[in-house]
Amino acid sequence: MPFHLLQGPSRIGLLLLSSIPSMSRARPASSLIRASRPELNPAQSVRQVKRESSLSFDNTNSEMNSVKRKRLNRVLEVKVEHPDKQVGIVPDFQEFRYDKNEAKASTSTGRVLASSSVREVKLEPSVSFDNSKSEMNPVNSKRLNLVLEVKREYPNKQVGIVPDIEDFRYDKFETKESASTNRVPASSIRLEKTVRVSSVVKVEVAAPENWEVVLGGIKSMRLSGEAPVDTMGCEKAGSLLPPKEKRFAVLISTMMSSQTKDEVTHAAVERFSENGLLDPDAIVKTDVATLANLIKPVGFYQRKAQFIKEASKICLERFGGDIPDTLTDLLALKGVGPKMAHLVMSIAWKNTQGICVDTHVHRISNRLGWVFREGTNQKTTTPEQTRMSLEKWLPKDEWEPINPLLVGFGQTICTPLRPKCDGCGINTICPSAFKESSSPNPKQKKRGLGRT
């Protein structure tokens with residue numbers, strides 16, 4: 001199919017011979033652009049493709065890359081097969097301007113026409129359309145080819161060239177619909193991230209069945225007051241002393257009581273009192289060996305003597321001879337654990353902030369089925385687990401009396417080994433009656449029968 005390109009200052013003429021019978025034959029697309037061959041002469045019947053004078057389109061002197069060549073060849077082939085079909089020469093993808101508000105290409109002052117009735121391709125006024133110099137990367141080329149294919153198959157379908165990802169704008173507050181497609185443009189897609197702030201919620205735990213009946217039965221059995229804790233417990237230390245000295249005596253007695261029977265602890269406190277050592281200043285002036293001999297046979301008496309001297313020094317330097325009045329400060333003292341701190345706060349300061357759980361409270365609470373490890377139906381394994389489980393359902397007015405109540409019950413009836421279930425007043429409703437013969441922790445020996 002011979003053709004010739006005419007060049008002029010203001011237009012380029014494309015000469016197509018439609019009257020030659022060989023037009024219907026398929027020819028390689030590459031032969032359609034060989035404009036420099038001298039044997040290709042113009043014909044009489046031509047169609048003109050008008051272009052702006054400022055646009056360069058000199059195929060005779062330019063080197064056209066494969067992408068440009070294929071694009072132009074495809075346009076020419078379509079025009080040969082379908083003379084009446086409107087075909088436009090589409091500019092490079094990067095020459096489009098994506099308008100975020102209107103989602104369409106901006107209008108320009110010029111047009112690129114393939115025929116007198118061809119569709120307009122709108123460009124920016126400053127856009128150059130020099131095919132000899134522009135280059136299109138593979139990604140943009142694929143996008144453009146897809147748009148052209150869709151337009152060929154569905155001429156009435158509105159197809160837009162999607163901008164690069166960096167052209168998108170994160171819009172938190174508003175979304176605008178595209179004026180051309182009546183769709184929400186990609187740049188105004190509302191992107192939101194919902195952050196759920198979970199607050200600490202106290203989980204309500206159902207109280208054990210018949211717990212009030214069980215507690216009432218234990219109180220009835222404890223009316224006799226025959227347990228060692230009733231007469232020799234930590235709360236009895238320094239009972240005849242002024243409030244400040246009494247608080248210090250309670251702290252010293254509590255520090256001695258860990259893994260020690262109440263009778264042994266009470267005797268050691270009495271020896272301290274006889275030697276005038278229920279005073280922080282006197283203890284600081286006494287050597288550790290003398291303190292250890294006075295509190296012996298309290299469990300771990302040598303370490304406890306060292307801890308008592310260090311605690312006395314802190315009481316003098318930081319609290320004016322008094323004891324700490326907060327759980328945090330009490331727990332900062334060496335040798336003072338959670339059970340001791342809660343006991344001191346309840347007895348010395350009359351400020352119950354938690355349940356004091358020792359080995360007796362821990363053991364009996366598990367035997368009665370009152371406590372479980374969190375999220376399970378299994379028994380608790382430590383006094384601290386027992387404390388947290390009890391505090392979830394036990395009324396707060398029972399937090400202070402529960403310790404001496406269960407301690408005395410454990411010392412007299414519900415003992416660690418061979419509990420006296422025959423003489424227990426709640427053996428008909430106790431889930432562990434006549435079943436257990438040892439404490440939950442088999443490592444606890446007789447030395448662990450006292451309060452911890």
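1. Which residues of α12 meet which residues of α13? From α12 the contact takes in Val361, His362, Ser365 and Asn366, and from α13 it takes in Pro383, Thr386 and Leu390. Sorted by class, this contact of α12 with α13 holds three nonpolar and four polar residues, with no charged ones. The model is a predicted one, and the remarks that follow should be read accordingly.

2. The geometry of this pair is as follows. Helix α12 spans residues 359-367, and its axis comes within 9 Å of that of α13, at a crossing angle of roughly 60°. Angles of 65 to 115 degrees would count as roughly perpendicular and those under 35 degrees as roughly parallel; α12 and α13 are therefore oblique to each other. The hand of the α12 and α13 crossing is left.

3. Helix α13 covers residues 383-391, and serine 389 lies in it. Is serine 389 buried or exposed? Its relative accessible area is 11%; the cut-off for buried is under 20%, so serine 389 counts as buried. Leaving aside residues up to four places away in sequence, serine 389 touches Trp370, Val371 and Phe372.

4. The crossing of α8 past α9 is right-handed.

5. What makes the contact between α8 and α9? On the α8 side the residues are Val288, Leu291, Ala292 and Ile295. On the α9 side they are Tyr301, Gln302, Lys304, Ala305, Gln306 and Lys309. The class count for α8 with α9 is six nonpolar, two polar and two charged residues.

6. Helix α1 runs over residues 66-81, which is 16 residues. From first C-alpha to last it reaches 22 Å, close to the 22 Å expected at 1.5 Å a residue. Among the buried residues of α1 are Leu72, Val75, Leu76, Val78 and Val80, and the list also includes Lys68, Arg71, Asn73 and Lys79.

7. For the chain as a whole, there are 14 helices and three strands. Of its 452 residues, 41% count as buried. Among contacts with a separation of 6 or more, 62% are between residues 24 or more positions apart.

Key. Residues numbered from 1 in each chain as written. Predicted model: local features only at pLDDT ≥ 70, side-chain atom pairs only at ≥ 80, totals over all residues. Heavy atoms only, no water. Left-handed = near helix turned anticlockwise from the far one by under 90°. Helix = DSSP H or I, 4+ residues; strand = E, 2+ residues; numbered from the N terminus. Contact = heavy atoms within 4.5 Å. Nonpolar A, V, L, I, M, F, W, Y, C, P; charged D, E, K, R; others polar. Buried < 20%, exposed > 50% of the residue type's maximum accessible area, 1.4 Å probe, protein only. Expected span 1.5 Å × (residues − 1). Axes fitted to C-alpha atoms, helices over the stretch in contact; angles between N-to-C directions. Parallel < 35°, antiparallel > 145°, perpendicular 65-115°, else oblique.
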